[in-house]
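Dear colleague,

Please read the notes with the coordinates open beside them.

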Amino acid sequence: MAVDDTYFWNLKKIDPPPFVTLDYTQKEFNDIFQSTNFSVLFKNHLEKLRYLLEKGENYFLSEKQILEKLIFKNWNSLRKEKSLQYMKKLKRLLNDYVDLKFNNLIDSINIMSRSLENSQKIKPKISLPSREVFEYLLTRLYSIMKIFDHAIFIIRNKIYLYTIKNIKNGIFLSNNLLYLSNTARIYCLVKKYQVNTKFLYNNLRENICFIKSTGVKWNELFNIEEFPFVIKEEQTRSQNEILEKFMMDFENNTALSFSSNEIDVGEVIDRDAIEKKSNSTKIKKKKQPQSKKRNILFKKILLFVTSLDQIDEIKSKFKRFVKSKLKKLGSDYSNFLKDCLADKKVFIKMLNEQLKNVANMNLNKRSLVRKSIVQVIGKLIK
């Protein structure tokens, strides 16, 4: 299966291979890894990432908790705010990262590869995890990088732009300052994790082919050979230039909206006026036909049906009755008839119930009467 970025940052669970170690003699280890600096670089990057995750865990979880509380407190009143919507997406990404339990995996790999410490010293044997274990670590590193990349994109290109726009226009200053400060701290932590994760990934991806394998295929969902060989670090200067240009375009051309009516937040907005406007644009409920008029209408229909046998006679009598009512009552009766046909299924159902009580009336005649009545009403109220 080809490597798909969206597939990997949504992949929450991968069944791991058996965690086994394989032995290398000192000579064998030197022949394989001496020219690559794998033992030094990998162990350094692994230790650094483990230390960073361990020390930053409390900060990360506290900032994530603050983010969740901000969303919970403001969601009902400000759920249409773009910044809050993107913060909710950010929260889901951070939850995905926590669910992976990456710290536990790093600790396990670190323990299994402890023989790399002082690997220059002569030892009878050096134990390393199997290639399948390192492949599993590689997939997890790649998944986490995709989560981090997406989180950084949301903070830098979405939340930042919307909160700055609101702050410049004096809209919900206290809220937007909280959003900005919280997401900025999360950005710093995630960025630091991302950089160290990339170093570890690049070093492991380059040397994974030299590591001994158990020969057991542990996963058929993807092929490690299709993974990127090197993931380059962002060029900070070029990224800042792109961000500045994007911010200018955003301010000049983009209209942020508080509601579905696309009201521009480039100026101070009266919330009460917006709510009144949105309430006025709601679809008005259909008025129910007046019960007194409806009862008279059905009584007349029953009278025509019971006194006349021919469908044409019933139709003409009903037509004259409706015309006389329209002439007397005008638009009031016309609106009543429109309301009757507004929900045609309900009107036909009520008509059927009335016609059921008529003796010596078969289904065919009942259907013709019903169609004639609906047809007459439809023509006269056009």
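**The chain as a whole**

Of the 382 residues in the chain, 42% count as buried; please keep in mind throughout that this is a predicted model. The chain holds 14 helices and 2 strands, and it exposes about 22500 Å², of which carbon and sulfur atoms supply 52%.

In soluble globular proteins, nonpolar side chains tend to be buried together. The largest nonpolar core in this chain has 61 residues, and the ones with the most contacts inside it are Phe42, Leu90, Tyr97, Phe102, Leu137 and Leu204. At least two residues of this core come from each of helix H2 (26-33), H3, helix H4 (82-99), H5, strand E2 (126-129), helix H6 (131-168) and helix H7 (173-207), and H6 gives the most, with 17 residues.

**How H3 meets H5**

Phe42 and Phe102, both named above among the residues with the most contacts in the core, also take part in the contact between H3 and H5. The axes of helix H3 (residues 38-78) and helix H5 (residues 102-112) come within 10 Å and cross at roughly 145°, and the crossing in which H3 passes H5 is left-handed. On the H3 side the contact is made by Phe42, Lys43, Leu46, Glu47, Leu49, Arg50, Leu53 and Glu57, while H5 brings Phe102, Asn103, Ile106, Asp107, Ile109 and Asn110. By kind, the residues of the contact of H3 with H5 divide into 7 nonpolar, 2 polar and 5 charged.

Phe33, in helix H2, is buried because its relative accessible area is 2%, under the 20% cut-off. Phe33 and Ile211 are separated by 178 residues in sequence, yet their C-alpha atoms are 9.2 Å apart in space. Once its neighbours within four places in sequence are left aside, Phe33 is in contact with Tyr24, Phe38, Leu128, Phe210 and Ile211.

Asp149 belongs to helix H6 and is partly exposed, with a relative accessible area of 26%. Asp149 and Gln194 are 45 residues apart in sequence, and C-alpha to C-alpha they are 7.7 Å apart. With residues up to four places away in sequence not counted, Asp149 touches Gln194 and Lys198.

Thr25 sits in the loop between strand E1 (21-24) and H2, where, at 42% relative accessibility, Thr25 counts as partly exposed. The C-alpha atoms of Thr25 and Ser127 are separated by 8.9 Å, although the two residues are 102 apart along the chain.

**Two positive phi values**

Which backbone angles did I set aside for you to check in the loop regions? Lys101 has a phi near 50°, a positive value in a residue other than glycine, and Lys101 lies in the loop between H4 and H5. Lys101 is exposed, since its relative accessible area of 56% is over the 50% cut-off. Phe172 likewise is not a glycine and has a positive phi, of about 45°; Phe172 is found in the loop between H6 and H7. Phe172 counts as partly exposed because its relative accessible area, 31%, falls between the cut-offs of 20% and 50%.

With best regards

Conventions. Residues numbered from 1 in each chain as written. Predicted model: local features only at pLDDT ≥ 70, side-chain atom pairs only at ≥ 80, totals over all residues. Heavy atoms only, no water. Axes fitted to C-alpha atoms, helices over the stretch in contact; angles between N-to-C directions. Helix = DSSP H or I, 4+ residues; strand = E, 2+ residues; numbered from the N terminus. Left-handed = near helix turned anticlockwise from the far one by under 90°. Contact = heavy atoms within 4.5 Å. Nonpolar A, V, L, I, M, F, W, Y, C, P; charged D, E, K, R; others polar. Core = buried A, V, L, I, M, F, W, Y, C linked by side-chain atoms within 4.5 Å. Buried < 20%, exposed > 50% of the residue type's maximum accessible area, 1.4 Å probe, protein only. Areas by Shrake-Rupley, 256 points an atom, 1.4 Å probe, with all protein chains shown as cover.
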